[in-house]
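The following exercises concern a predicted model. Work through each task before reading its solution.

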Amino acid sequence: MAFWLAKTEPAECGIDDFARDPATAIAWVGVRNYQARNYLRAMAVGDEVLVYHSSCKLIGVAGIVRVTRAAYPDPSQFDPASPYVDPKSPPDAPRWSAVDMAFVARLPQLLTLDALRAMPALAQMPLLQRGNRLSVMPVTAEEFAAIRS
DNA sequence: GCCAACGTTGGC
DNA sequence: GCCAACGTTGGC
């Protein structure tokens with residue numbers, strides 16, 4: 001099993017949305033960066049994903065979700081009404097992928113960006129590197145354990 | 001293939 | 001709202 005971290009704006013889709021109905025998976029759509037997309041495609045069912053809230057008041061890791069469906073074409077790229085529409089994506093070779101994820105757990109309390117920076121075990125995380133903008137990234141088992149504990 | 005312009009991300 | 005950082009675009 002592999003571990004990942006995915007950024008999201010909680011106003012759009014945060015840990016609360018997953019926790020509301022743990023039995024129902026939510027499609028993780030809207031990733032429009034090739035490196036992040038490649039990580040989405042590398043996810044397997046059962047992988048655990050840290051949900052990171054960004055562009056909000058309480059920034060940090062809020063909880064954990066699990067991949068319930070591996071990568072498939074992100075429907076929003078073909079939806080003219082979606083902010084994520086990509087007219088240049090070829091229908092016969094969709095450019096962007098989505099995965100489905102379902103609730104696993106909240107962290108006992110949100111781990112703030114400051115708290116993450118204070119953890120030596122996380123010093124190498126891309127998330128914490130200067131100027132980082134990657135929205136989906138791998139997390140080592142050690143990093144995952146440090147955050148979960 | 002280079003690179004300047006532009007748009008987006010994301011913390012502050 | 002600001003702005004640094006970075007990815008993408010498009011002219012050449």
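**Exercise 1.** Does Trp-96 count as buried or exposed, and at what relative accessibility?

*Solution.* Buried means under 20% relative accessible area. Trp-96 has 5% relative accessibility and therefore counts as buried.

**Exercise 2.** Classify the aromatic pair formed by Phe-18 and Trp-28, and state which parts the pair ties together.

*Solution.* Step 1: the centres of the Phe-18 and Trp-28 rings are 6.2 Å apart, with 20 degrees between the planes. Step 2: planes under 30 degrees apart count as stacked, so the pair of Phe-18 and Trp-28 is stacked. Step 3: Phe-18 belongs to helix α2 (residues 15-20) and Trp-28 to strand β2 (residues 26-28), so the pair links parts 10 residues apart in sequence. Step 4: Phe-18 and Trp-28 are both buried.

**Exercise 3.** Describe the aromatic pair of Tyr-34 and Trp-96.

*Solution.* Step 1: the pair is tilted, at 4.7 Å centre to centre and 35 degrees between the planes. Step 2: Tyr-34 lies in helix α3 (residues 34-42) and Trp-96 in the loop between β4 (60-73) and β5 (97-112), so parts 62 residues apart in sequence are tied together. Step 3: Tyr-34, at 42% relative accessibility, counts as partly exposed.

Methods: Residues numbered from 1 in each chain as written. Chains lettered and ligands numbered in written order. Predicted model: local features only at pLDDT ≥ 70, side-chain atom pairs only at ≥ 80, totals over all residues. Heavy atoms only, no water. Phe/Tyr/Trp six-rings, centres within 6.5 Å; stacked < 30°, edge-to-face > 60°. Helix = DSSP H or I, 4+ residues; strand = E, 2+ residues; numbered from the N terminus. Buried < 20%, exposed > 50% of the residue type's maximum accessible area, 1.4 Å probe, protein only.
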